[in-house]
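Here is a short report on a two-chain model. Please keep the sequence and the 3D view open while reading.

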Amino acid sequence: MNKQNFSLGLLFFAASVLLVSSCKKDKGDEENEEEVITTMQLTFVPQGGGNTVTYKFDDPDGPGGAQPLKDQIRLAPNKRYNVAVQLLNKTVTPASDITLEVAAEPQSHRFYYQPAAASNIIVSDLDNDGAGIPLGISSVWTTGAPASGSIKITLRHYPGNPPNKAAGDGADSGKSSTDIDVDFTTSIQ
Amino acid sequence: MKRSLYLSLLTLGWSVLYGQDCNLRLTGHVHRAGSHENLVAATIVQTSTGKTTASNANGDFKLDDLCPGAVTIIISHTGYDSVSRTIQLTASAHIDVDLRPGVTSLQAVSVTGSRSRTNTGFIKELSAGELDEIKGGSLGEILSRMNGVSLLQTGATISKPVIHGLHSSRILTLNNGVRHEGQQWGSEHAPEIDPYIAKRITVIKGVDELRYGSDAIGGVILVEPAPLLTLPGYKAEADALFFSNNNQFVSALLLEQQSKGLPSLTYRVQGSIKKAANVKTPDYRLNNTGLSEQNFSFTAGWRKEHFNSEIYYSRFQTELGIFSGSHIGSLADLTKAIAAARPDRTFTGENTYRIARPSQRVRHHLAKWNTQFDVASNRFTVLITGQYNSRQEYDVVRNTSIETPQIDLSLYTFTQELTWEHPRRSRWSGTVGASAMQQDNSYSGRYLLPNYRAYALGGFAIEKWVNDKWDLQAGMRADFKSMKTNRLLAGSSTLVNHQFAFPTWAASFNAGYKLSNTWKINTNVSATTRPPQVNELLTNGVHHGTGTYEIGNINLKPERSFHWSLNSVYTSPNKNWQAEVTLYRNDINDFIYQQPKPDEPVLTIRGAFPKIEYVSADALLRGMDLAVSTSLSRAIMLSSKYAMLRATNKRLDDWLIGMPADRIINELSVTVPETATLKDNKLSIDMQTVWKQSRVPSSRFGQQDYKAPPAGYHLINAVLSTTLQLAKTPVTFSLSGRNLLNHRYREYLNAFRYFTDERGRNIILKIKLELKHTSN
């Protein structure tokens, strides 16, 4: 009886080891951060004609890894530009256009353009969301005399429900959090 | 206190003077119920003095030098249910004791647990009564009631235990005898265990931990259910709880039965449900801090002579919200949120059970099959287990149409274990075991840690020797773990593969000595080795909760710990006061921690994040736990528990970050006289004092923390409980209050101390109902 128990136990043990090692499965590797923004591209169309220029912050492999590329924004003096911003996720193929997501939920987003005083750039005429509060996917940049400086571009996301976005919210409002925070150097020449 | 000290000295003197009167002898015979087979090596303990002896080859034992009066002894034996007998001694006497084969023996864990309870160097236990008092909380919250154990939190909904400054993968958790394998490496990952399955929760550090692994640098937590029924009949238990702070409801049910027709079979079903709304601090309610949990377990045992088998299945499922004001996009946001005195009003004030993003959904399934059989006084145990852990983390997303989790991890673990307990020979007992583990982790979504497959093999041997005065134990263990990882980088076809192999070993020695019947000392030395976890090796990405860019280090070596502890318990002979002190010193070589690299910020589209890298250095943790209790009268008791820890980084000659501050709990408890209908009437009030953590790393090697530790605090808590006999059914009512003064405070070990205050006043009502029936 005892002997029998013993061999029975060993049998169970061996069977389970076999069972366990044979039922390994291979799960596909899916690495996909659907929310990542790798690229911000600014398209400058001069009012009254002229060459369209684009500048970008580009980090195609997402945070970490290779160093991101950041253009210097070079504009002509004393001009007005119609500026459109485009956001891309290049970690997927083909790259997805995140601007559409922002435009689809304008009450939860807001771009801020904060040029340094020395940059001689003024940003105005931001487009609005449905409630008449600035959204900022498009804007108008007015340049002054030749200068070099910087501009900070921020995209804020309101996670609250409701978002409670208000005209007076600052770029560092406690109600919203940062999706984009890029400092470009600027040169007017 | 002074008076009782004087009293106890007096009593001590008295018993020395008149000790000659205590010369009675109690002899006895232990045999198996039914078959009347003599039982060798049963342990007989006299409860009042701790005097211990064992039955000889004929099942006979004797206890000498007993005093006249009531003598209570507990007779226990591996594989049998323990029996307690009280004998009124006027002259020397003889008793016969029947032991029934017990299911206790089905679990090697609880057997060793109870056997080692008086032996092991560092052991802390919460009994069923203490457990009842604090039920309804998470496993971490329950454990933090033990002296020397504190709580590491991420907001109001996620908590895990810290034993003597160590947590996460430095602690092993045994869930009903099975080494718990979940996604436990981070501070925001709580143990996936329902505390309602436990009848006893124990923390051990010493020889017995070698059964479970060579990597228990901080100790082992044993979560054990009650043994299954041993007599035909049934038992049912129902609990209902309400917590006022967050409108939390908990209900738990338990049903067990041993059928009369098939006495070999016994089973238990158990489940609990928990639902909680948003948590309230004294000044504001925190949005999205709700919780919803459903747990279930089933156990069945089959018992024959020299053969036991048990199957067990448990399911843990939780969905929990994470305070929405804590989700931070960039370092600038974090700095701003930390500087604010309170969270923005957008994130406070909602009183709802709704859980939105950010949130976590976690499921844990566990199945085990445990079989035990005897072959000529040798006991063999085969344990086969399988676990599946699924963790889904839902981040705040820009696009509200996204419904998928951003992190999705699946972890499968299988273990096989065979142990052999050799026959007890006079004072010797011992166990030898071998185990194997296979593990597979896969992920999808955001990268946090790679896919991996790990295999481990281990073996251990433990031997114990006991006599009246001495209790000596020694053990060794070796493990070998290999791991293959792979990651397919997002947006490319590049596969990143790594392979690791970690041989680890552990050894432990324990010596206990009884200086007298009332004074025991115990010392333990343990060497343990913990291999680096996969996140420490290979994590790579922005950690939004801390506003840092975390990078693993594939060159990390296993941590080697050398732990020494000394424990002493003294009980005054009249039992009016008791003191226990534990001193410990843990030298950890190659201790793995996170080091900020302030000169290497990582530039991302969200701005620059400070880089934090996993590195290792030698660390030293020293501390003391002290507990004193005094009976002021028959009804009034005062007790104090104090815990302190000093933890340093030896290489940098600096303090370690994130260590618990010194703390003390002073408690006054009053037993109110029983009436015909009201029994176990208790009232207790305690004050918990936590000092400010002043021992934090300096900023010599880069900024280590965003905010200085919060101020110390005092909390007042109280419990009032009674048991009403309602037609033979005991119904226990308890009304308790935590943070009664609604004190505003923040705790250093809570990651959300940057953003929010801790929970305010919480009034808790509990009702427990027990039904029992024995059909014999």
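## A sheet in chain B

Two strands pair if DSSP finds at least two bridges between them. Strands (E, at least two residues) and helices (H or I, at least four) are DSSP runs, numbered from the N terminus. Leu24(B) stands opposite Leu66(B) in β4(B). Strand β1 (residues 24-32) of chain B is joined to β4(B) by 5 bridges, and the two run antiparallel.

These strands belong to an open sheet of 3 strands in chain B, in the order β4-β1-β7, with mixed pairing. β4 (60-66) and β7 (93-99) of chain B are the edge strands, each pairing on one side only. From one strand to the next, the twist averages 25°. Such angles run from 0 to 180 degrees between N-to-C directions, with axes as lines fitted to C-alpha atoms (for helices, over the stretch in contact).

## Basis of the model

The model is predicted: local features need pLDDT of at least 70, side-chain atom pairs count only at pLDDT 80 or more, and totals for chains, interfaces and linings use all residues. Residues are numbered from 1 along each chain as its sequence is written, while chains are lettered from A and ligands numbered from 1 in the order in which they are written.

## Nonpolar cores

A nonpolar core is a set of buried Ala, Val, Leu, Ile, Met, Phe, Trp, Tyr and Cys residues joined through C-beta atoms within 7 Å. Buried means that 20 or more other C-beta atoms lie within 10 Å of the residue's own; exposed means 12 or fewer, and partly exposed is in between, with C-beta atoms placed from the backbone.

The largest core has 52 residues. Among those with the most contacts inside it are Leu143(B), Val162(B) and Ile221(B). Strand β14 (residues 219-224) of chain B gives the most to this core, with 4 residues. Another core, of 27 residues, lies apart from it and includes Ile98(A), Leu135(A), Ile153(A) and Val182(A).

## Chain A

Chain A has 2 helices and 12 strands. Of its 189 residues, 32% are buried.

## Where the chains touch

Two residues are in contact if their C-beta atoms, placed from the backbone, lie within 7 Å. The contact takes 50 residues from chain A and 59 residues from chain B. On the chain A side, α1 (2-22), β1 (30-31) and β12 (177-188) each supply at least two residues. α1(A) gives the most to that side, with 10 residues.
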